[in-house]
Amino acid sequence: EIVLTISMLSKEDIEENKMSSTYDQMNKRGILLIEVYDTGIGMNPEYIQHAWKSFSQSDMSITRKQDGTGLGLSICKSLVEINGGEIKAESQLGEGSKFWFTWNLELLSSISPTIPSSISPTNSKLPASSLLEAKFHKQINYTLPYFIRKKRILIIHPVKNMRNAILTYFKVVEKVDAFDTFNDGIKAAQVYKELYNQSAYDIAFIGLYEDNEEE
């Protein structure tokens, strides 16, 4: 399993020009926190302090299997430090690793979005913020065709983060069930069929691995 998360560590709004700028036009600065963790081979915590050096490798036998050269972390460290950020690592041999770094950025000046005249506050009782939120959710819902939103969907996957990712994508679907094992998913389908005398699901997403292909 490999998981990537990106979040805003801190944000500071600075006026571009205090004499002429308006409330809507701001120069936004912030710091991104990028985290990557995996459940791979990991490495000895004692080695981490040496991992940032060029061509440094903790275990040559393992590294050869993974086709590593020992340059990746050194290059990443240089790029992050040029940007003014920092990079760190945590790991346990045989359990996986977690790497994180900060990235300084300057966002483009933002202008308050224009509300289409058809839903402008002048001809609606809803406040502008609610109208914009409704428009945003309408765009998200549109990514799934209407006939899909009416389907019954089954998800079977052993990795929780993967199940949650698929659930998020199908959050507008009326009926979605997610299970971590094949047997639990089949039991749910059988119970539904016995109660209502019809198929429980129209679409199924099943994570296939070497140990469950027969199922």
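**Notebook: rings and cores**

I started with tryptophan 103, which is partly exposed at a relative accessible area of 32%. Here buried means under 20% relative accessible area, exposed over 50%, and partly exposed in between (1.4 Å probe, protein chains only). The model is predicted: local features need pLDDT of at least 70, side-chain atom pairs count only at pLDDT 80 or more, and totals for chains, interfaces and linings use all residues. Residues are numbered from 1 along each chain as its sequence is written, and side-chain values use heavy atoms, with hydrogens and water left out.

Next I looked up ring pairs. Rings of Phe, Tyr and Trp (its six-membered ring) pair if their centres lie within 6.5 Å; planes under 30 degrees apart are stacked, over 60 edge-to-face, the rest tilted. I found five aromatic pairs in the whole structure. Phenylalanine 101 and tryptophan 103 pair edge-to-face, 6.4 Å centre to centre with 85° between the planes. Phenylalanine 101 is partly exposed, at 24% relative accessibility.

Then I checked tyrosine 192 and tyrosine 196. Their ring centres are 4.6 Å apart and their planes at 40°, so this pair is tilted. Tyrosine 192 is buried at 16%, whereas tyrosine 196 is exposed at 51%. I also noted a cluster of Tyr169, Phe170 and Phe205, linked by ring pairs.

Last, I turned to nonpolar cores (buried Ala, Val, Leu, Ile, Met, Phe, Trp, Tyr and Cys residues joined through side-chain atoms within 4.5 Å). The largest has eight residues, including Met43, Trp52 and Ile87. Apart from it lies another core of seven residues, among them Ile153 and Val173. Of the chain's 215 residues, 23% count as buried.
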